[in-house]
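Have the viewer open and follow along.

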Amino acid sequence: MQTQVAIIGAGPSGLLLGQLLARKGISNIILERQTGEYVLGRIRAGILEQGFADLVREAGVAERMDAEGHVHEGVELVVNGDRTRIDLKELTGGDVVVCYGQVEITQDLMEARQAAKLETYYEADKVQPHDVKSEKPYVTFEHKGEEYRLDCDFIAGCDGFHGVSRQTIPEDVRTEFERVYPFGWLGMLADTPPCHEELIYAKSERGFALASQRSSTRSRYYLQVPLTDNVEDWSDEAFWDELKKRLPAEIAEKVVTGPSLEKSIAPLRSFVCEPMQYGNLFLVGDAAHIVPPTGAKGLNLAASDVATLYKIMTRVYETGDRRYIEQYSDIALRRVWNGERFSWWMTNMMHDFGEEVSNGGIDAQMFGRFMKSEFNYYLNSENGRKVIAEQYVGLPYEDLKEY
């Protein structure tokens with residue numbers, strides 16, 4: 001088998017990259033170790049930055065997003081009951097975010113790929129890149145008992161944190177940075193109307209809470225919980241009761257309760273792998289970086305990786321100049337570290353670390369006072385609110401360097 005770009009992973013980043021490349025006439029084949037149904041069953045992010053939404057439109061799969069997605073012009077930060085609305089549109093000169101679930105994006109991309117009759121191998125086993133430092137890399141895999149070799153020009157590793165792509169880069173070449181947080185997020189999905197038209201990030205003496213949504217009839221809520229908690233420890237009734245205690249009273253009154261569709265606990269971590277490319281292998285999304293979800297950056301950083309790689313590959317095939325390839329890791333990492341810093345900052349600001357503070361060796365009381373000072377500046381200053389707004393909607397995608 002032969003293609004121009006082999007894509008490992010059929011999550012939203014792999015599918016989006018494949019769709020964009022195909023529209024430029026660049027052939028690609030996607031290899032995914034799970035079934036399509038499993039991929040669609042992942043309950044993940046739902047806030048799309050302006051740049052991501054525009055990229056989906058460029059890929060030609062925005063019809064349902066534009067029809068059903070909810071445009072959010074602001075977001076609320078609540079500190080011990082005091083509410084501050086960050087007016088994203090006003091503070092950024094017109095940029096907004098779109099509330100549209102990752103599952104929906106993935107479904108739209110799957111359907112577009114199927115309609116275009118682009119090749120995707122689900123349940124591909126033993127996927128392994130080879131000779132990625134050469135000009136003729138290839139990928140081997142098994143599918144339905146048959147062994148395959150896929151020759152290509154480039155390999156895009158969109159296969160997540162536990163995938164094979166990052167592990168293909170030798171240990172003495174890659175550097176990994178990690179920060180594990182001393183708590184997790186207990187998330188609940190329910191077919192109930194959201195309690196507020198925009199997202200609410202709430203810090204209280206009882207811990208952090210997030211009131212999010214997937215549609216006008218489906219809500220997504222989160223609670224900060226100890227890493228020792230299990231999902232079984234939390235009945236639906238206990239979840240709703242604790243959520244109301246962490247939200248402002250006037251918002252808590254509007255919470256409509258109902259049976260959970262899904263409950264899970266996700267640990268929080270910051271992770272970055274450098275470099276994000278090795279020869280003709282490129283890491284995309286969770287394969288190279290993970291952020292705590294507080295800043296809504298995970299899926300959006302993956303999209304910015306896709307945008308950069310898509311621009312590079314398009315330019316290489318249009319001009320024949322392979323020097324553009326050398327820009328990928330540097331451009332991607334600048335945006336990644338910016339997103340990591342904002343997510344780390346939001347996590348520090350909004351969560352209760354208790355006595356488990358390891359930020360530069362300062363004690364919990366001093367850390368708490370630092371965060372209070374941060375709140376006083378950023379929430380009570382227009383310049384401070386503008387910084388938050390610009391980071392939340394996402395920075396513009398960086399252009400390639402012309403030779």
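The notes below go through ring pairs, charges over rings, and a helix.

## Aromatic pairs

Keep in mind that this is a predicted model. A count of its ring pairs gives 20 aromatic pairs. Take F161 and F271: their ring centres are 5.0 Å apart and the planes meet at 85°, so this pair is edge-to-face. F161 sits in the loop between β12 (154-157) and α7 (164-168), while F271 belongs to strand β17 (residues 260-274), so the contact ties together parts that are 110 residues apart in sequence.

Elsewhere, ring pairs join W185, Y201, F208, Y222 and Y392 into a cluster.

## Charges over rings

R315 lies over the face of Y324, with 5.3 Å to the ring centre.

## Helix α13

Helix α13 covers residues 382-393, and its 12 residues should span 16 Å at 1.5 Å a residue; the end C-alpha atoms are 16 Å apart, which agrees. At its start, a side-chain oxygen of S381 comes within 3.2 Å of the backbone nitrogen of N383. Just past the other end, G394 has a positive phi of about 95°.

Which residues of α13 are buried? They are G384, I388, A389, Q391, Y392 and V393. Y392 is also one of the residues in the ring cluster.

Definitions and conventions. Residues are numbered from 1 along each chain as its sequence is written. This is a predicted model: local features need pLDDT of at least 70, side-chain atom pairs count only at pLDDT 80 or more; totals for chains, interfaces and linings use all residues. Side-chain values use heavy atoms; hydrogens and water are left out. Rings of Phe, Tyr and Trp (its six-membered ring) pair if their centres lie within 6.5 Å; planes under 30 degrees apart count as stacked, over 60 as edge-to-face and the rest as tilted. Helices (H or I, at least four residues) and strands (E, at least two) are DSSP runs, numbered from the N terminus. A charge sits over a ring if NZ of Lys or CZ of Arg is within 6 Å of the ring centre and within 35 degrees of the ring normal. The expected span of a helix is 1.5 Å times one less than its number of residues. Buried means under 20% relative accessible area, exposed over 50%, partly exposed in between (1.4 Å probe, protein chains only). A polar contact is a pair of N or O atoms within 3.5 Å; within protein, one must be able to donate a hydrogen and the other to accept it, and residues adjacent in sequence count only if both atoms are side-chain atoms.
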